[in-house]
Amino acid sequence: MSRITAHIARSVGGLVVATALLLPGALATGGAESGALVRSRLAFTERGTLLSGPNLSRIDTGPFSISKHIEPAMLAEVLQKAGSSLAEAAGKPRCTITTYSLRYSTIGGGGEPTDASTALILPSGDDPECQGPRPVLLYAHGTSTAKDHNMARLRGEAKLVAALFTAQGYIVVAPNYAGYDGSSLPYHPYLNAEQQSADMMDAMRAARAAMARLKVQAGPQLFLAGYSQGGHVTLATQRAMQQGDEFHVTAAAGLSGPYAMARFSDVVFGGQPNAGITIYLPLIATSAQRAGAAIYSKPDELYEMQYASGIESLFPSNTTRGDLFKQGKLPKRAIFALDSQPQGSGASAYFSNPHLVRTSYRNAYLEDVAEHPCDDGDCAPANNLRKWMLKNDLRNYTPHSPLLLCGGSKDPSVPFFNATAAAEYFRQHGAAPTLVDLEQQDAHDQFTNARHSFVLIREESMKKAREEAEKSGRSVDEVMMESYHARLAGAPCLLAARSYFDALMRPEASAAR
């Protein structure tokens, strides 16, 4: 039994709170010394304990940033300003949105005790859909490099989730993950399936305690969903929850997530890197090192010398990605050397000098691929990075509850083969998921509205891309590809997830939306 699995084997009874050992002020500090102090105290605290909160959060939504609630009319105005296609996708808001923040105890990637925070987003109002016991959505967010990332602010992705779910009557629990928003953990266990699923379950335990304090009634339905990184976290959480009897998942939705990690990694090192790889790889590598995977003996074994120094403490960061590129902390696209082989078709932008990964490291990786080829996750690699990717590949369980996989087949950041490979694995093991490709416009099913919203959002984005291309001198296609994963596919896949969940609760509801 691993250290993390041992932590998961816990009693399901009442929460044991070692309040005498916790100083509330220390929980929000971020320095190394204070973080170590907090974690030493947390060692005596049961995982999933509500440490502070629920605290009413100020919602950061542009003109309504001083508000503590968003009324349906206010939200409709915000959505309309963001774009008519987004407003159409979200639908007419029904419920008032109120957001709370709370902090809870959890574990890091090496099983070490730490703390994290979550948003608790609640619906209310006169509409019957906003009253009584409400279904719960445990939501996993996408990749963020910002150390102060906080879903309770309702910016960007969080605002979209609140608009699509809370405004329609869902209670949303949206963890920020360990390492973010004042967490004492000095790194983030990125795509560490065991840790991230444990973190999600701990957030849910604390949210239940917070809802009890607020006298909020949760219904019997528990849904899981997440986008990008959060798609991976969602499936990992589904897998972890069905290993015990504490949580009963009604359904899950993985949206544009990297589920086939072993194949994903082999494709990148094989010469076909994905957009954003110079950000993703350091996040993955640091996560692996912190978990004891030993993918290198020292950073300059993996990274070129000019990037190796300080890279293990680079994320999460108070510096934007753009500034990190400008400061020379990371290359924007070049992961491999200009003369490094093989190079995939159309991948020239990822091969240049200076570059992130040492050619010697890539060559050793490719030698292992040749000696231990991976067929849909069925392999036994000797290379430690490949071992780590295989360990976090999610083609190794059979979903016990309904599963939706949604994405766009032209996604340059998280290739759609992640969804198709996972779907094929689950199908072969008797649990075929529902697979939605937003690009498949000729399909007519309950996800037609989601695909239609994808077309509308793409058309609006195309107009902005033409303007950006004229200013920057870049091609329209390049600008569109940069926005595909983060802007084009997100809202439509979330809409597909809502339709999927609604249909499972009340078939007539999804037909009406």
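What percentage of the 513 residues of the protein count as buried? In this predicted model, the share of the 513 residues that count as buried is 58%. The chain forms 19 helices and 10 strands, and it exposes about 20,400 Å², of which carbon and sulfur atoms supply 52%. Among contacts between residues at least 6 apart in sequence, 73% join residues that are at least 24 apart.

**Strand 7 and its partners**

- Strand 7, which covers residues 218-227, is mostly covered, since seven of its 10 residues are buried.
- Strand 5 (residues 134-140) runs parallel to strand 7 and is joined to it by six bridges; among the paired residues are Arg 134 and its bridge partner in strand 7, Ala 218.
- Strand 8 (residues 251-255) also pairs with strand 7 in the parallel sense, here over five bridges, and Gly 226 has Gly 254 of strand 8 as its bridge partner.
- To pass from strand 7 to strand 8, the chain goes through helix 7 (residues 229-241), and this β-α-β crossover is right-handed.
- As a point to keep in mind when looking at any of these strands, side chains in a regular strand alternate between the two faces of the sheet.

**Two residues with positive phi**

- Ser 228 lies in the loop between strand 7 and helix 7, and although Ser 228 is not a glycine, it has a positive phi of about 60 degrees.
- Ser 228 counts as buried because its relative accessible area is 5%, which is under the 20% cut-off.
- Ala 294, in the loop between helix 9 and helix 10 (299-302), is likewise not a glycine and has a positive phi of about 50 degrees.
- Is Ala 294 buried, partly exposed or exposed? Ala 294 counts as partly exposed because its relative accessibility is 42%, a value between the cut-offs of 20% and 50%.

**Cavities**

- A search of the whole structure finds three cavities of 30 Å³ or more, and the largest cavity holds about 190 Å³ of space.
- The lining of the largest cavity is made of 19 residues, and those that lie nearest its centre are Leu 191, Phe 264, Asn 274, Tyr 280 and Ile 284.

- Leu 495 is part of helix 18, which spans residues 490-505, and it counts as buried because its relative accessibility is 10%, under the 20% cut-off.
- Which residues does Leu 495 touch, if those up to four places away in sequence are not counted? Leu 495 touches Ala 89, Leu 164, Asn 449, Ala 450 and Ser 453.
- The C-alpha atoms of Leu 495 and Phe 454 are separated by 9.9 Å, while the two residues are 41 residues apart along the chain.

**Cis peptide bonds**

- The peptide bond that leads from Gly 53 to Pro 54 is cis, with omega near 5 degrees, and Pro 54 belongs to strand 1 (residues 50-56).
- The peptide bond from Asn 353 to Pro 354 is also cis, with omega near 0 degrees, and Pro 354 is found in the loop between helix 12 (321-326) and helix 13 (359-371).

Notes
Residues are numbered from 1 along each chain as its sequence is written. This is a predicted model: local features need pLDDT of at least 70, side-chain atom pairs count only at pLDDT 80 or more; totals for chains, interfaces and linings use all residues. Side-chain values use heavy atoms; hydrogens and water are left out. Helices (H or I, at least four residues) and strands (E, at least two) are DSSP runs, numbered from the N terminus. Buried means under 20% relative accessible area, exposed over 50%, partly exposed in between (1.4 Å probe, protein chains only). Contact means heavy atoms within 4.5 Å. Accessible areas come from the Shrake-Rupley method with a 1.4 Å probe; for residues, only the protein chains shown count as cover. Two strands pair if DSSP finds at least two bridges between them. A crossover is right-handed if, with the strands pointing away from the viewer, the path from the first strand over the helix to the second runs clockwise. On a 1 Å grid over the protein atoms alone, a cavity is a set of points where a 1.4 Å probe fits but cannot get out, and a pocket is an open set with protein on both sides within 12 Å along at least five of seven lines; lining residues have an atom within 4 Å of a point. Grid points are joined across faces, edges and corners, and a volume is the space filled by probe spheres set on the points.
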